[in-house]
Amino acid sequence: MATPTRPADEQRIEPAYPKDRSTLGGPRLGVLGWLRWAWRQLTSMRTALALLLLLAVAAIPGSIWPQRSVDPVRVRSFFERNPDLAPWLDRLHLFDVYSSPWFASIYLLLMVSLVGCIVPRMRQHLTSLRSQPPRAPGRLTRMPVHRRVEVDADPRQVVAAARAVLRDRRFRLRDEDAEDPLAVSGEKGHLKETGNLVFHLALLGVIVAVAAGSLWGWRGEIILKEGESWTSGAGTFDTLNLGPLVDEQDVPTFTLTLNSLDVEFESRAEGAQFGQPRRFEGVATVELPGQQAREQDFAVNAPLAVDGDSIFLLGNGYAPVVTVRDPDGGLLYSDAVTFLPQDNTYGSEGAVKVTGREPGLGLVGGFFPTIDVSPETGMTSTFPGLQDPALVLTAYEGELFPDGRAQSVFSVDTDAMTQLTLEDGSPVAFLLRPGETYELPDGSVVEFEGVIRWGGLLVRHDPGRMPALVISMLALAGLALMLGVRRRRIYVRVTPGAGGAGGRRHTGVSVAGLPKGTDPGLEALVEDLVRRITEATTTSASTDDRNDRSTDA
């Protein structure tokens, strides 16, 4: 019995590809192929730009949260105010952003990407500089900008004039081609690509210079009061941050004396300008071992130069001179006490720790350069200058340093202390102006003698600073070349024409321009070249006619 068959239009068409689809597609890349693909992705300009943007985004947390390398005191204060959040932020290295593993990874990937992107482009650029401009196309009308004119001149004269005009305009010309003698090719603007490479090389150099400054650099901070001397050393800084490749022995030794500090505030203007700083200047004496001491002026943007290091003025404030005597008049304490400003009007907080008294005495309070007492706002300073200075203090007695714990010089740990009170039980609190005294309940006398200034100084050693500056100037030069130079190719093709009436030769001249990228000035350039070539061929033809007439005569 015959097997029934379906009609032709109902028959199932079997697919042409095999049922095992695992055999479809191109050849497998393999491990080497995937590595090559990953390298090409990493070294592309798109990836380099993305990593540069990612590096900028990764630096944002460093401006939001305090950094240990810059202000460890603020980091400790943040931990005290946020005991639950701070440990989690610390696990993410958000207090050490610029030395964190994830920031360093982005940094290194950016360097590798730039190197892998720049090196092939340098090879291509060198090859382009050594090679000749390409031949002129057969049909110049396809170019973005083209012009055609007819001149009365011999075709070879037109070619010679075109080569001379392009050479005067500093175009690099292709050698004369025997196969196409009536065409001229020229190009210029290789400095654009040179500037591009210089800019990217400089960008890489800045990254390396900054990295070198972080590895071999160090910075230390110290607060000095007027008239105070200080000798540098690894253990004499208030805070010291050494680079990974720096040893404590690398910190130089010198002596610095802060002779005076002059600060001026705006007192005549009104509104937002009132009280704004106008001048921060100081005079210091620097003495290096084996050298004579020299006096130097410095300011906020004019640091001191000490043996290749720089000393910057970071901040300033007031140091009230406080003297404490026992009931018999014996001297217990006398010194200028650094008070830390809390606002723009220099309302400051500080503490006096009298260890010579038994039990220890702690005076805590504020200093106001121009005091104002208001029922609404309390005691504030209305101007940062010393117009009506006042010192407001309260007193504690007891153990100043319980369990030997380190504490800030601007505060007193009152856990093991008791606040002094008057006979009526109210806390001891008093206000002193310069020259005034106050007697404590036990007979001790506190005297406010006067006020001097203090300056916060930053000593910085950065071996990558000058290289980064020079390389940045190179980057600007490369950027100027990249933006100011136009990469252009000019093609000239001469077409011989039949002679017309009066022996006139209708030689066609086509000039075309090809830019790299956008070039709004290319059309004007082509017009100028056409005009120059026309004028040159007309002048040459007139000279030849005069020579011919002279010969006939």
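## Helix α6 and what covers it

Contact here means that heavy atoms lie within 4.5 Å, and it is in this sense that one part of this predicted model is said to cover another. Helix α6 itself runs over residues 101-130 and has 30 residues, reaching 44 Å from its first C-alpha to its last, which is close to the 44 Å expected at 1.5 Å a residue.

In general, an α-helix has 3.6 residues a turn, so residues three or four places apart point the same way.

## Confidence in the model

Averaged over the protein, the pLDDT is 86, and 90% of the residues score at least 70. Over residues 545-553, by contrast, the pLDDT is below 50, and this stretch has zero contacts in the model beyond near neighbours in sequence.

## A cavity and a pocket

How many cavities of 30 Å³ or more are there? The count comes to one, and the largest cavity holds about 100 Å³ of space. Its lining is made up of Arg135, Ala136, Arg163, Arg174, Asp175, Glu176, Asp177, Asp180, Ala183, Val184 and Ser185. Sorted by class, the lining of the largest cavity has seven charged residues, three nonpolar and one polar, while strand β3 (residues 183-188) gives the largest share of that lining, with three residues.

The second largest pocket holds about 1,100 Å³ of space. Of the 30 residues that line this pocket, Tyr98, Ser99, Val210, Gly213 and Ser214 are the closest to its centre. Two or more lining residues are given by each of α6, α8, β4 (218-225), β6 (239-242) and β22 (445-461), and the largest share, five residues, comes from α8. The lining of the second largest pocket divides into 16 nonpolar, nine polar and five charged residues.

Leucine 474 is found in helix α9 (residues 465-484). Once residues up to four places away in sequence are set aside, leucine 474 touches Val198 and Ala202. The C-alpha atoms of leucine 474 and leucine 203 are separated by 9.3 Å, although the two residues are 271 residues apart along the chain.

Aspartate 388 is found in the loop between β17 (378-381) and β18 (390-398), and it is partly exposed because its relative accessible area is 26%. Not counting residues up to four places away in sequence, aspartate 388 touches Phe368, Pro369, Thr370, Ile371 and Arg433. For one of these residues, isoleucine 371, the C-alpha atom is separated from that of aspartate 388 by 5.9 Å, with the two 17 residues apart along the chain. Glutamine 296, found in strand β9 (residues 294-299), counts as buried because its relative accessibility is 15%. Leaving aside neighbours within four places in sequence, glutamine 296 is in contact with Gly282, Val283, Ala284, Val286, Leu304 and Ala305.

How values were computed
Residues are numbered from 1 along each chain as its sequence is written. This is a predicted model: local features need pLDDT of at least 70, side-chain atom pairs count only at pLDDT 80 or more; totals for chains, interfaces and linings use all residues. Side-chain values use heavy atoms; hydrogens and water are left out. Helices (H or I, at least four residues) and strands (E, at least two) are DSSP runs, numbered from the N terminus. pLDDT is the predictor's confidence in each residue, from 0 to 100. The expected span of a helix is 1.5 Å times one less than its number of residues. On a 1 Å grid over the protein atoms alone, a cavity is a set of points where a 1.4 Å probe fits but cannot get out, and a pocket is an open set with protein on both sides within 12 Å along at least five of seven lines; lining residues have an atom within 4 Å of a point. Grid points are joined across faces, edges and corners, and a volume is the space filled by probe spheres set on the points. Ala, Val, Leu, Ile, Met, Phe, Trp, Tyr, Cys and Pro count as nonpolar, Asp, Glu, Lys and Arg as charged, and the others, Gly among them, as polar. Buried means under 20% relative accessible area, exposed over 50%, partly exposed in between (1.4 Å probe, protein chains only).
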